[in-house]
Amino acid sequence: MRIISSAIFFLALSLPGLSQAAFSAINPKLSSLTQDQRPKRVLLLPPQMFVAEMSAGGVIQKQDDWTRQANENLLAATEAYARENRHFETLRMPELPVEEAEIVESHIGLYDRVASAIHAYGRGKDSGWEQKKSEWDYTLGDGLSFLREKTGADSALIFVGADIISTGGRKAAFTVGLLIGIAIPLGQSFITVGLADLKTGEISWLSYDQSMSMDSREAGEVESLVKDFFKTYPHPE
């Protein structure tokens, strides 16, 4: 499956040197459910991470090995979290025919755009966000409902993001830039995770994190990231 052209990736690059606090959004329907009514079996869709290296000159080049490692780290960390907290059971994506795999990929791309819209809207200063939260209408449609029938899962978890890792030369250039008053951006990561109902496509919950220090190649750092994500997920009373 090819890596989608992520709106999250371009948002990350448009904010050089800026560290943002984590952001999350919860569908009021999910918050109102009891633990017994919340998702029980969650299908882990293939993460769509873009991991690249930023050279001293600012050239960004995707690294396939790093990308595969980051994607596996996200899956493994989520499975570990689910085993430890027992809020839900996780399932890996089964092998799919080409046609069905393309449908999944297109819906991950749709989630990327919906998540970007929620992030942009949710950080607005006006009161419109409160109305959007109460009149929640964020959905991917019912195009992934076949996965419910195929796997028995009731929801799907989707990771999309980018991790741009600076070389030693880039970091040195950044240090020199500070000394002479020139702003030289370093690489950073920007990742979103979202939960979608497989029957309706409605987004139930999502969370974002942006960092200038997290390395998605490191399993321990990704485990910490996933735990931070799920701090905003509704927990049992």
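A: Angles under 35 degrees count as roughly parallel, those over 145 as roughly antiparallel, those from 65 to 115 as roughly perpendicular, and the rest as oblique. The model discussed here is predicted.

Two packed helices are described by the angle between their axes and the distance between the axes. Here the pair is helix H3, residues 64-85, and helix H8, residues 219-230. Their axes come within 9 Å and cross at roughly 55 degrees. H3 and H8 are therefore oblique to each other. In handedness, the crossing of H3 past H8 is right-handed.

Which residues of H3 and H8 meet? From H3 come Asn73, Leu74, Ala77, Thr78, Tyr81 and Glu84. On the side of H8 they meet Ala219, Val222, Glu223, Leu225, Val226, Lys227 and Phe230. One of these, Val226, also belongs to a nonpolar core of 26 residues, which includes Val42, Leu75 and Ala82 as well.

Gln63 lies in the loop between strand S4, residues 60-62, and H3. Leaving out residues up to four places away in sequence, Gln63 touches Val51, Ala52 and Glu53. Gln63 and Val51 are 12 residues apart in sequence, and 6.0 Å separate them in space, C-alpha to C-alpha. Beyond the other end, Arg86 lies in the loop between H3 and strand S5. Most residues other than glycine have a negative phi. Arg86 has a positive phi, near 60 degrees, and is not a glycine. Is Arg86 buried or exposed? A residue counts as exposed when its relative accessible area is over 50%. The value for Arg86 is 71%, so Arg86 is exposed.

Lys62 is in strand S4, and at 34% relative accessibility Lys62 counts as partly exposed. Lys62 and Val51 are 11 residues apart in sequence, with 5.8 Å between their C-alpha atoms. Strand S4 pairs with S3 in the antiparallel sense, over three bridges. In this pairing Ala52 stands opposite Lys62. S3 and S4 form a hairpin with five residues between the strands, and in it Gly58 takes a positive phi near 90 degrees.

Strand S3 covers residues 48-54. Six of its seven residues are buried, so S3 is largely enclosed by the rest of the structure. S3 also pairs with S6, here in the parallel sense and over seven bridges. Gln48 has Val160 in S6 as a bridge partner.

S6 has a further pairing, with S2, in the parallel sense and over three bridges. Within it, Val42 stands opposite Ser155 in S6. Ser155 has a relative accessible area of 2%, so it is buried. Apart from residues within four places in sequence, Ser155 is in contact with Pro39, Arg41, Val42, Leu43, Leu195, Ala196, Asp197 and Leu198. S2, residues 41-44, is joined by four bridges to S5, residues 89-92, and these two strands run parallel. Arg41 stands opposite Glu89 in S5.

What of the largest nonpolar core? It has 28 residues, and those with the most contacts inside it are Leu45, Val104, Tyr111, Ile118, Leu147, Ile203 and Leu206. The elements that give two or more residues to this core are strand S1 (23-26), helix H4 (98-122), helix H6 (145-151), strand S6 (155-166), strand S7 (189-197) and strand S8 (203-211). The largest share, six residues, comes from H4. Ile203, one of the residues with the most contacts inside this core, is in contact with Asn27, Tyr111, Val114, Trp136, Tyr138, Thr139, Leu140, Leu195 and Ala196, its neighbours within four places in sequence left aside. The core of 26 residues that includes Val226 lies apart from this one.

A few totals set these parts in the whole. The protein has eight helices and eight strands. Of its 237 residues, 48% count as buried. Among contacts with a separation of 6 or more, 78% are between residues 24 or more positions apart.

Conventions
Residues numbered from 1 in each chain as written. Predicted model: local features only at pLDDT ≥ 70, side-chain atom pairs only at ≥ 80, totals over all residues. Heavy atoms only, no water. Core = buried A, V, L, I, M, F, W, Y, C linked by side-chain atoms within 4.5 Å. Buried < 20%, exposed > 50% of the residue type's maximum accessible area, 1.4 Å probe, protein only. Contact = heavy atoms within 4.5 Å. Pairing = 2+ DSSP bridges. Axes fitted to C-alpha atoms, helices over the stretch in contact; angles between N-to-C directions. Left-handed = near helix turned anticlockwise from the far one by under 90°.
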